[in-house]
Amino acid sequence: MSIMKEENIFSKELIAFIEEWKEKPGNLIMVLHRVQEEFGFISRESADKVALMLDMPLATIYGVLSFYHFFKMVKPGEHNIQICLGTACYLKGGDALVDELTNLLGIELGGVTEDGKFSLEGVRCVGCCGLAPVISIGGEVFGKVTKDQLPGIISKYN
Ligand code: FES
């Protein structure tokens, strides 16, 4: 018997949630949100399992996953760096932060470093435009960030 991957083990709560939503309209999005909440992303194994539990073709699930950018199909890094791509942040130099972070980490937006330590994610306005440009790492928000501050910020997480 093969060893189950961690990503494939649904908690009792998640299974109960899926059972509850099974017959309801719009259930797929709700279920996928809940899966992502539990694992931080939606693995192939999770998608397979959802397909089985909702009795839906896998292609339908991947259709939804690729349509909504909110869903992640790659496991995020230990520290997920979110860069705000909203208008206020853009106008205050957010694009320079994107350039610098992709340089420093050697990955593109949406990528994960080889050691799995960092991932880089572009997000919409995070609601603190007064602090633009903004990045957040694991929920910790950094405002009025300059590109020169980025190496120092990142080193805190190394
Ligand atoms: S645009 Fe970045 S916080 Fe609003």
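Start with the open sheet: four strands in the order E2-E1-E3-E4, with mixed pairing. Color strand E2 (118–123) and strand E4 (140–142) next, since these are the edge strands, each pairing on one side only. Look along the sheet and you'll see the twist, which averages 20° from one strand to the next. Keep in mind that this is a predicted model.

Now zoom in on the pairing of strand E1 (residues 79–84) with strand E3 (residues 135–137): the two run antiparallel and share three bridges. Show side chains for Ile81 and Ile137, and you'll find Ile81 standing opposite Ile137 in E3. What packs on this sheet? Select residues 94–105 to find out. That's helix H6, which touches E1, E2 and E3, and its direction makes about 155° with that of E1.

Time to zoom out. Color the protein by its domain assignment: domain 1 covers 6–67 and domain 2 covers 79–155.

Last stop: Trp21. Select residues 12–21 and you have helix H1, where Trp21 is found. Finally, draw a C-alpha to C-alpha distance from Trp21 to Leu54: they're 33 residues apart in sequence but 8.9 Å apart in space.

Note on methods:
Residues are numbered from 1 along each chain as its sequence is written. This is a predicted model: local features need pLDDT of at least 70, side-chain atom pairs count only at pLDDT 80 or more; totals for chains, interfaces and linings use all residues. Domain bounds come from an automatic or database domain assignment. Two strands pair if DSSP finds at least two bridges between them. Axes are lines fitted to C-alpha atoms, for helices over the stretch in contact, and angles run from 0 to 180 degrees between N-to-C directions. Two residues are in contact if their C-beta atoms, placed from the backbone, lie within 7 Å.
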